[in-house]
Amino acid sequence: MTAVASEFVVRSRRVVVDEQTRPAAVHIRSGTVVGVTDFEDVPGGCPIDEAGDAVVMPGVVDTHVHVNEPGRTGWEGFDTATRAAAAGGVTTIVDMPLNSIPATTSAAALEAKRRAAEGQCFVDVGFWGGVVPGNASELPGLAAAGALGFKCFLVPSGVDEFEAVTEADLRIALPVLARLGVPLLVHAELPGPIEKASRQLAAPIAGASGDAPDPRRYATYLATRPTQAENDAIALSIALCREYGVRTHIVHLSSAAALPLLIDAFASHCPITVETCPHYLTFAAGDIADGATAFKCAPPIRERENRESLWAALAGGRIQMVASDHSPSPPALKQLGSGNFLTAWGGISSLQISLAATWTGASARGWSLTQLAGWLCRAPSRLAGLERKGAIEVGRDADLVVWDPEREFTVAGRSLLHRHALTPYEGGVLRGVVERTYLRGQRIYQRGQPMRAPAGRFLTRSG
């Protein structure tokens with residue numbers, strides 16, 4: 001028997017460890033994994049969480065979450081978002097620099113966000129800073145204050161306080177990021193193709209009645225966000241990545257047509273990575289009903305064939321990770337009454353169910369639990385520089401999710417812990433029920449029981 005001085009052990013017949021799934025015992029002391037041994041290798045008298053055949057996996061690291069507090073806490077807040085995260089097996093979130101007010105584009109704004117979050121976080125929280133026109137001088141201070149990296153938009157973001165950048169703006173900011181050694185996250189759509197498509201959509205159609213396209217139809221909205229907008233933005237991002245050597249990360253890829261560009265970049269050792277989201281892997285444009293604005297997001301959900309190409313790229317390592325892009329808003333902004341896709345707010349609420357949604361699609365296609373842990377845990381932790389997260393290994397934080405990958409549930413928004421119940425997953429059947437979630441060895445969630453006091457910490461790249 002291995003001599004491991006454990007405070008307690010979590011063990012299961014299915015532990016995702018060392019890029020395999022096997023029977024194992026995870027030994028925990030002072031919030032840290034101190035050993036991973038054979039299933040039977042447990043000191044006598046040591047407390048054990050017997051998970052049986054449930055899966056024990058690293059806690060999910062979600063690097064794309066819009067918490068919106070302060071300033072738009074009515075959209076989402078740290079209390080509700082991190083409760084939902086814990087219930088969904090997510091032990092670390094990284095908050096986006098918008099849609100809060102102020103946006104996280106200065107060290108002072110980051111401090112305001114930390115003050116707002118203090119004492120409310122049920123999971124660990126990191127923060128991305130923002131790159132906007134004219135704030136290059138703020139970036140070193142933001143990094144010194146703990147920003148894990150920086151996010152920019154190449155197309156209007158939808159909120160006035162977080163402006164889109166041009167290539168010229170990036171050429172000012174990128175040398176600063178190169179010196180800081182932190183990644184640039186890019187919302188990769190260019191405005192030109194979107195503006196052109198919108199003008200064409202608004203023009204009378206020759207030989208037709210001249211009526212404008214129906215804004216309640218999803219196809220109308222989809223036509224305004226062509227794949228060219230993504231593809232051209234990704235081409236620009238790759239070119240700048242090659243020129244400046246700044247690690248670049250493409251967020252929420254929806255266009256499979258951009259994959260050849262990315263594959264070529266990978267082959268030339270360009271330091272670029274890419275994520276997609278559960279909604280792009282779950283839904284298809286042709287299935288979205290008229291007026292169902294809960295599905296609106298940008299970039300948009302595309303065709304079924306596009307979805308399958310994203311799955312193939314994910315399984316083949318050409319897309320490295322999955323993040324939720326949890327971007328909720330008050331239901332009124334979704335314009336459910338009119339169902340107008342062109343004017344409704346774009347954003348999907350899914351933080352609590354991202355693990356289940358991704359696993360539902362992955363298991364149906366024959367992908368494994370170890371692949372799932374790579375997409376949801378290990379790769380996101382690398383992106384954010386969180387060396388103590390993302391895997392069950394000695395010396396890492398004892399962040400664990402215990403879940404049943406065979407059990408199904410029907411999504412009911414009212415039972416989710418997000419601030420608002422509206423979600424496009426409403427009524428859908430997903431696989432994967434979270435039973436317990438551990439944060440640094442502390443059980444922060446158990447299904448059917450009240451949640452304990454907030455135990456989350458603020459994270460920096462050093463951990």
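The structure is a prediction, so local features need pLDDT of at least 70, side-chain atom pairs count only at pLDDT 80 or more, and totals for chains, interfaces and linings use all residues. Residues are numbered from 1 along each chain as its sequence is written, and side-chain values use heavy atoms, with hydrogens and water left out.

The protein chain holds 12 helices and 17 strands. Both are DSSP runs numbered from the N terminus: helices are H or I with at least four residues, strands are E with at least two. The radius of gyration is 22 Å, close to the 23 Å of the globule rule for 463 residues, so the chain is as compact as a globular protein of that length. That radius is taken over C-alpha atoms, and the rule is 2.2 Å times the number of residues to the power 0.38. Along its principal axes the C-alpha trace spans about 80 × 45 × 45 Å. Of the 463 residues, 60% count as buried (under 20% relative accessible area, 1.4 Å probe, protein chains only; exposed is over 50%, partly exposed in between). Contacts are heavy atoms within 4.5 Å. Among contacts with a separation of 6 or more, 75% join residues 24 or more positions apart.

Six strands form an open sheet with parallel pairing, in the order 9-10-11-12-13-14. Two strands pair if DSSP finds at least two bridges between them. Strand 9 (129-130) and strand 14 (321-322) are the edges, each pairing on one side only. Strand 10 (residues 150-153) and strand 11 (residues 184-187) run parallel and are joined by four bridges. Here Phe-150 stands opposite Leu-184 of strand 11. Helix 7 (residues 227-244) packs on the sheet and touches strand 11, strand 12 (248-250) and strand 13 (272-276). The direction of helix 7 makes about 170° with that of strand 12. Axes are lines fitted to C-alpha atoms, for helices over the stretch in contact; angles run from 0 to 180 degrees between N-to-C directions.

The disulfide count is zero, where a disulfide is a pair of cysteine sulfur atoms within 2.5 Å. The sulfur of Cys-152 has its closest cysteine sulfur in Cys-241, at 12 Å, which is too far for a bond. Cys-152 is buried, with a relative accessible area of 0%. The sulfur of Cys-241 lies 3.2 Å from the closest cysteine sulfur, in Cys-270, and this is also too far for a bond. Cys-241 counts as buried at 1% relative accessibility.
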